[in-house]
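Here are my notebook entries from a first look around this structure. Have it open beside you and follow along.

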Amino acid sequence: MDFVKSLAIAASGLRAQAGRMKVLSENIANADSTAQKPGGDPYRRRIPTFRSELDRELDARTVQLGPTRPDQSNFRTKYEPGHPMADANGNVRYPNVNSIVEMTDMREAQRSYEANVNVIGATRRMIQRTLDILRA
């Protein structure tokens, strides 16, 4: 039964990290977008969170992607008076997304995802070895 717990916990980690990568990819995709109307707010960076859940059936703690929260840092502004989304002062507001930070977070999420895949692979190999021993 401990093998099942290991698989369930690692699978919850896979789902959580996949959800994190989705949020990060949305941030990256919108890094250079502008508001829909002049002087409006552009895309606001989203920050993924995680929460621990007790799986009563397995009697194990798993992880889930929690609510995403908006990053309240300031938007980037550029002076571009000819831009169609410029405000009265000629400034265009861009998302508060730093692509380098997002790519660093993406790499961390990828490594966590791969670690969970490795846990599943190791658990499967241990199950297979146990079955081989029992058959012999």
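**Entry 1: the hairpin**

I began at the hairpin of E2 and E3, where four residues sit between the strands and Asp 59 takes a positive phi near 55 degrees. I kept in mind that this is a predicted model. Next I looked up how the two strands pair: E2 (residues 50–55) and E3 (residues 60–65) run antiparallel and are joined by six bridges.

**Entry 2: Thr 62**

I stayed in strand E3 to look at Thr 62. Is Thr 62 buried or exposed? Its relative accessible area is 11%, and because buried means under 20%, Thr 62 counts as buried. I then listed what Thr 62 touches, leaving out residues up to four places away in sequence: Arg 51, Ser 52, Glu 53 and Asp 55, along with Ala 8, Ile 9 and Ser 12.

**Entry 3: Leu 14 and helix H1**

I moved on to helix H1, residues 2–29, where Leu 14 is found. Leu 14 is buried too, at 16% relative accessibility. Which residues does Leu 14 contact, beyond its neighbours within four places in sequence? I found Tyr 113, Asn 116, Val 117 and Ile 120. I also checked a distance: from Leu 14 to Ala 31 is 17 residues in sequence, and 26 Å in space between their C-alpha atoms.

**Entry 4: a record for residues 8–34**

I looked in UniProt, where an unreviewed entry places "domain: Flagellar basal body rod protein N-terminal" at residues 8–34. In the model, I read this span as 81% helix and 0% strand. Its end C-alpha atoms lie 41 Å apart.

**Entry 5: Thr 123 and helix H2**

My next stop was Thr 123, which has its place in helix H2, residues 99–135. Thr 123 has 5% relative accessibility, so I wrote it down as buried. Setting aside neighbours within four places in sequence, I noted its contacts as Phe 3, Ser 6 and Leu 7.

Last, I looked for cavities. How many of 30 Å³ or more does a search of the whole structure find? The search gave me one. The largest cavity holds about 30 Å³ of space. I wrote down its lining as Thr 34, Ala 35, Gly 39, Gly 40, Met 85, Asn 91, Val 92 and Arg 93. Sorting that lining by type, I got three nonpolar residues, four polar and one charged.

Terms used:
Residues numbered from 1 in each chain as written. Predicted model: local features only at pLDDT ≥ 70, side-chain atom pairs only at ≥ 80, totals over all residues. Heavy atoms only, no water. Buried < 20%, exposed > 50% of the residue type's maximum accessible area, 1.4 Å probe, protein only. Contact = heavy atoms within 4.5 Å. UniProt positions renumbered as here; feature names shortened; annotations may be inferred. Pairing = 2+ DSSP bridges. 1 Å grid on protein atoms, 1.4 Å probe; cavity = no way out; pocket = protein on both sides within 12 Å on 5 of 7 lines; lining within 4 Å. Points joined across faces, edges and corners; volume = space filled by probe spheres on them. Nonpolar A, V, L, I, M, F, W, Y, C, P; charged D, E, K, R; others polar.
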